[in-house]
Amino acid sequence: MTPIAPTFFFYFLSAVALISAILVITRKNPVHSALALIVTLLSLAGLYLMLYAPFVTGVQVIVYAGGIMVLFLFVIMLVNIERAMKEEEFNKQWIAGLIASLLLGGLFLAVYFKGRAIFPSEFTKIPEQMNTQQVGMLIFQNYLLPFEIASLLLLVAIVGAVVMAKKKLS
Amino acid sequence: MPTGNLSVTTFVIASIIKIAIVLWVLLTAVAYTVWLERKVVGHIQNRWGPTRVGPFGLLQPLADGLKFIFKEDLTPPYVHKFLYILAPMLALSMSLIAICLIPFGNSVNIAGMNIPLQITDTNIALLIILGITSIAVYGVALAGWSSNSKYSLLGGLRASAQMISYEVALGLSLVGVLILCGTFSLHGIVEAQTGTWFGFIPKWNIFKGQFIAFFIYIMAAYAETNRIPFDLPEAETELVAGYHTEYSSMKFAMFFMAEYSNMVTVACLASILFLGGWTGPVFGPPILHALLPIFWFALRVLFFIFVYIWVRGTLPRFRYDQLMSFAWKFLLPLAIANVMITALVVALRS
């Protein structure tokens with residue numbers, strides 16, 4: 001099971017991801033931004049598939065592209081877009097934003113040039129039939145504690161959202 | 001590429017032929033599901049249903065199709081044009097793509113080649129189908145928003161909220177089956193259900209203790225396909241026609257076809273996951289060996305579609321708050337309990 005034309009698909013999917021990611025931050029209409037973000041997430045799913053991770057691909061599509069983004073769109077659809085578009089976007093934070101993105105980019109470059117030794121030069125190919133099992137093993141044996149901590153964090157976020165959304169009982 | 005013993009060229013040609021056949025059968029099935037629905041609901045309500053076009057009204061789908069094509073296709077002013085046109089395309093294409101992962105039977109031998117009766121088999125087929133259905137929500141949500149009309153927007157909002165809620169229960173209801181079969185591949189799931197107990201009780205998942213999961217799946221699937229009693233997104237007494245209020249002609253027909261082909265896909269999945277797919281008695285000459293499994297499969301699908309229509313003719317519509325609390329307070333805990341009990345039993349047995 002070798003993928004066909006991996007170089008082409010890698011550059012194609014990366015280009016789609018980058019272009020749609022730029023569209024996310026440049027479109028004025030928030031619905032268009034959300035749609036561009038969906039395209040980004042779907043092309044990322046394609047990239048996961050090229051890394052022999054079919055399970056992660058499926059979960060990426062179901063949870064991010066199909067679940068969370070629907071909720072995003074749900075909220076945006078309730079906003080009065082005509083008025084929101086007239087308001088000035090990108091208020092005076094662009095200097096802070098620039099610094100933050102430069103720092104992040106610097107971090108990525110530093111990791112790429114200095115820390116290459118940390119990553120294995122060749123990724124281990126898990127046979128496709130075993131992929132889902134392997135992910136399950138990793139989550140519930142090797143990384144059980146981080147996994148549970150992450151789910152606890154999400155639970156806290158949910159409880160917090162409910163508390164903030166609840167009407168005050170006077 | 002799962003080419004098996006085929007060369008690449010034969011694989012591509014066989015795939016194209018299979019795609020053409022499957023799409024043709026699916027679209028015909030969609031057209032005649034509409035006919036069947038009008039007939040059955042008609043008889044339930046003491047009417048005849050369509051009788052004028054052809055014998056028993058059998059040519060009615062053709063007449064409907066022609067009418068859809070020749071209707072004026074008007075785009076209302078003030079719609080968001082790009083999304084307005086994209087939405088029905090998205091809804092229909094996603095529901096057609098989902099069928100490509102459904103196996104209709106084992107492989108057949110044609111001219112010495114072993115051709116699987118399925119457009120494509122992957123190890124995560126079930127996940128892909130869930131992903132495609134979750135993308136299909138955008139067709140409905142965007143149709144509602146881009147129409148720039150209050151009825152459409154409310155319909156779209158309801159649809160996206162409903163589909164998200166029921167998708168959770170739907171996904172969890174499948175986990176029990178997956179634990180029992182140990183694979184995501186639909187082909188593998190059917191393989192795991194072959195054989196019988198005591199010679200007459202088939203080893204279907206529904207008899208392996210997954211009947212609660214089956215019940216949850218059916219409920220959630222009705223909600224996912226926006227069918228009565230969960231057709232809140234297009235409740236005509238409140239919302240005119242919900243998200244497709246502003247659509248006419250073929251664009252409306254695309255939503256219509258998407259809904260019915262989703263019904264067919266859901267029925268196929270239910271047969272595969274819970275009722276043993278194409279398993280059944282096979283006898284007679286080799287040609288029957290090839291065709292009988294497909295027949296058994298089609299019979300199950302037809303049964304599910306009939307139940308769909310039966311339910312539509314019988315039940316009234318939920319209220320919206322009932323719909324939501326039913327999903328989150330009843331189906332979801334039940335599905336989680338089912339997963340835990342199944343996992344426990346499987347763990348104790350092994």
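Contact here means heavy atoms within 4.5 Å. The legends below describe a predicted model.

**View 1. Chain B meets chain A.** The contact draws 29 residues from chain A and 24 residues from chain B. Together the two chains bury about 2200 Å². Of that area, 77% lies on carbon and sulfur atoms. No salt bridge is counted between chain B and chain A. Two residue pairs are in polar contact across this interface, both at pLDDT 80 or more.

View 2. Two elements of chain B each give two or more residues to the side that touches chain A: helix H4 (125–146) and helix H5 (150–181). H4(B) gives the most, with 10 residues. By type, the chain B residues on this side divide into 17 nonpolar and seven polar. None is charged.

**View 3. A salt bridge between B:Glu37 and B:Arg312.** Over all chains, the whole structure holds four salt bridges. In one of chain B, the side chains of B:Glu37 and B:Arg312 meet, N to O, at 2.8 Å. B:Glu37 sits in helix H1 (residues 8–44) of chain B, and B:Arg312 in helix H10 (residues 286–314) of chain B, so the pair ties together parts 275 residues apart in sequence. B:Glu37 has a relative accessible area of 4%; under 20% counts as buried, so B:Glu37 is buried. B:Arg312, at 35%, is partly exposed.

**View 4. B:Asp64 pairs with B:Arg38.** The closest N and O atoms of this salt bridge are 3.3 Å apart. B:Asp64 lies in helix H2 (residues 60–70) of chain B and B:Arg38 in helix H1 of chain B, so the bridge ties together parts that are 26 residues apart in sequence. Relative accessibility is 21% for B:Asp64, which counts as partly exposed. B:Arg38 also counts as partly exposed, at 37%.

**View 5. B:Asp73 pairs with B:Lys251.** Here the closest N and O atoms of the salt bridge are 3.1 Å apart. B:Asp73 lies in the loop between H2 and helix H3 (81–98) of chain B, while B:Lys251 lies in helix H9 (residues 249–274) of chain B, so parts 178 residues apart in sequence are tied together. B:Asp73 is partly exposed, with a relative accessible area of 41%. B:Lys251 is buried, at 10%.

Methods
Residues numbered from 1 in each chain as written. Chains lettered and ligands numbered in written order. Predicted model: local features only at pLDDT ≥ 70, side-chain atom pairs only at ≥ 80, totals over all residues. Heavy atoms only, no water. Buried area = accessible area lost by both parts, 1.4 Å probe. Polar contact = N/O pair within 3.5 Å; in protein donor to acceptor, adjacent residues only side chain to side chain. Helix = DSSP H or I, 4+ residues; strand = E, 2+ residues; numbered from the N terminus. Nonpolar A, V, L, I, M, F, W, Y, C, P; charged D, E, K, R; others polar. Buried < 20%, exposed > 50% of the residue type's maximum accessible area, 1.4 Å probe, protein only.
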